[in-house]
Amino acid sequence: MRFDELTLHDCLHEAVESFGFEEMTRIQAETFQPVVDGCDVMACSQTGSGKTVAFLLPLMERMLRFPKKGIRALVIAPTRELCQQIEEQIDGLAYFSNQSSIAIYGGNDQQGFGDQKNALVNGVDIVVATPGRLISHLNLGYADFSTLDFLVLDEADEMLDMGFYPDIMKIVSQLPKKRQSLMFSATMPAQIKKLAEQILIEPKFVDLNFSKPAAEIDQKVYMVYENDKMKLLLHTLSEHKGEKVIIFVGKKQSVGEVSSFLRMNNIPNRPINSNFTQEERENAVLDFKSGKINIVVTTNLLSRGIDIDNVNLILNYDIPHKAEDYVHRIGRTARAGKDGLAISFIGEKEIEHFSRIEKLLERVVEKSPLPDGFGEAPEYKPGGKSSRRKCGGSHRGGRKFSGQKKAVSKNTDGVAGEAKSRKPHRRRSHSKKTAESNS
């Protein structure tokens, strides 16, 4: 289905054209009419499938068809980065209609908090908020949601994983009972179904094979001893020079270690983890999006929600403990139908983790032989002890990294997905200065 076939206000058609959107993704095509018709919707779709546009476009169309003053819509998202991204999408789609929005999340200065309060008191069309920060405003008693018509829970499964269930239910208890509610998620575990039963009324369910990575992602796996991972990392990056790469590691400490190691080998990169300030994280993401830097090293912090175009390679330096996190990580590439590559290093202690991933994928991912110059590698034997096997080359000599300095400089160097708007700057009715959630 094409966007130009939709029945939209002219201002939204103009916005869609300015984004360069042509073909709708499946989640966008299947949720548009139910949302426009006023139905509650529970939608599951894999990362990178265009869920943000899937709920924003029909929601904004419905608001234009039934205009009124006050806060019309509340979008709740788990992280400040996702709140920012959603507001960017709203900003682009609303450019010709002048629908207003504000992103609310914690960690900002007093001025930022005052801007958020002003929007909640005086009204803004769409509020995008993290649960923790919104609770802070609700506890002060001035937030006016009496005019609210729409509630959206984005990345609902992630919010439950982060322990936001009590906050979500507290927020919902203070909203009008007569409203349209939408839940968008990448997975459909039992707790999500329970939440849907509590919040949604006779919802339309759209479940699009949420647990499988996009078919366009080429998955490659190396069995490698932990001490050889650094050497393999250098080899892999040498084969992908100039490409946009996200390197995922398991711990915040490892972000600094891997980033420092790469800089020591003259490979520019930017580390990102939750210990960095809001400004540092935002600047790092912007530099990566703009191409100022082509390699970022991060934790699961960037595995969900954040949309970055043209990521060529996802490199799992460490295998995630949760199988679903693997799907989210590699979903950062092959966005909206484009091709992408995901390479994973499986250490001797990570075999069981990857076995769970293969069970989720319902397939065995072929294990590639190590490149020339490497020696032994662990044998892939889930459920049993690993043994060493030769993988083509000389003595195993990867550099041990445990003694490396752990601190790192904070700032060292046509399908509609969730794309960045190509719009001119305009003055907004509320400040866009926002900050991090308490969570």
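Let's begin with confidence, since the coordinates come from a prediction. The mean pLDDT of the chain is 84, and 84% of the residues reach at least 70. The best-scoring element is strand β2 (residues 73-76), with a mean of 98, while strand β16 (residues 388-390) has the lowest confidence, with a mean of 46.

Two stretches call for some care. Residues 386-415 have a pLDDT below 50, and in the model this stretch makes 91 contacts beyond near neighbours in sequence. Residues 417-439 are also below 50, with 84 contacts counted in that way. Where pLDDT is low, the predicted coordinates should not be read in detail.

## The sheet that holds β2

Strand β2 belongs to an open sheet of seven strands with parallel pairing, and the order across the sheet is β3-β4-β2-β5-β6-β1-β7. At its edges are β3 (101-104) and β7 (204-208), each of which pairs on one side only. From one strand to the next, the twist averages 10°.

## Helix α4 and its residues

Helix α4 spans residues 80-93 and includes Ile86. Is Ile86 buried or exposed? Its relative accessibility is 0%, so Ile86 counts as buried. Beyond the neighbours within four places in sequence, Ile86 touches Thr52, Phe55, Leu56, Val75, Ala77, Val128 and Asp154. Ala103 is 17 residues away from Ile86 in sequence, and their C-alpha atoms are 8.5 Å apart.

Glu81 is another residue of α4. With 11% relative accessibility, below the 20% cut-off, Glu81 counts as buried too. Which residue does the side chain of Glu81 meet in a polar contact? The partner is the side chain of Arg281, at 2.6 Å.

## The sheet that holds β9

A further open sheet of seven strands, again with parallel pairing, has the order β10-β11-β9-β12-β13-β8-β14. β10 (270-272) and β14 (367-368) are its edge strands; each has a single partner, so one side of each has no neighbour in the sheet.

Strand β9 (residues 245-248) has both faces covered: Val245 and Ile247 are buried on one side, and Ile246 and Phe248 are buried on the other. In the sheet, β9 runs parallel to β11 (residues 295-298) and is linked to that strand by four bridges. Four bridges also connect β9 to β12 (residues 313-316), again in parallel.

Helix α14 (residues 351-361) touches β8 (217-223), β13 and β14, and its direction makes about 155° with that of β8. Helix α11 (residues 252-264) lies across β9, β10 and β11, at about 150° to β11.

How many disulfides does the structure hold? The count is zero. Cys44 is buried, at 0% relative accessibility, and Cys83 is buried with a relative accessible area of 0%.

Finally, a look at the backbone. Most residues other than glycine have a negative phi. Asn98 has a positive phi near 65°; this residue lies in the loop between α4 and β3 and is exposed, with a relative accessible area of 55%. Glu202 also has a positive phi, of about 45°, without being a glycine. Glu202 is placed in the loop between α9 (190-199) and β7, and its relative accessible area of 74% makes it exposed.

Key
Residues are numbered from 1 along each chain as its sequence is written. This is a predicted model: local features need pLDDT of at least 70, side-chain atom pairs count only at pLDDT 80 or more; totals for chains, interfaces and linings use all residues. Side-chain values use heavy atoms; hydrogens and water are left out. Helices (H or I, at least four residues) and strands (E, at least two) are DSSP runs, numbered from the N terminus. Buried means under 20% relative accessible area, exposed over 50%, partly exposed in between (1.4 Å probe, protein chains only). Contact means heavy atoms within 4.5 Å. A polar contact is a pair of N or O atoms within 3.5 Å; within protein, one must be able to donate a hydrogen and the other to accept it, and residues adjacent in sequence count only if both atoms are side-chain atoms. Two strands pair if DSSP finds at least two bridges between them. pLDDT is the predictor's confidence in each residue, from 0 to 100. Axes are lines fitted to C-alpha atoms, for helices over the stretch in contact, and angles run from 0 to 180 degrees between N-to-C directions. A disulfide is a pair of cysteine sulfur atoms within 2.5 Å.
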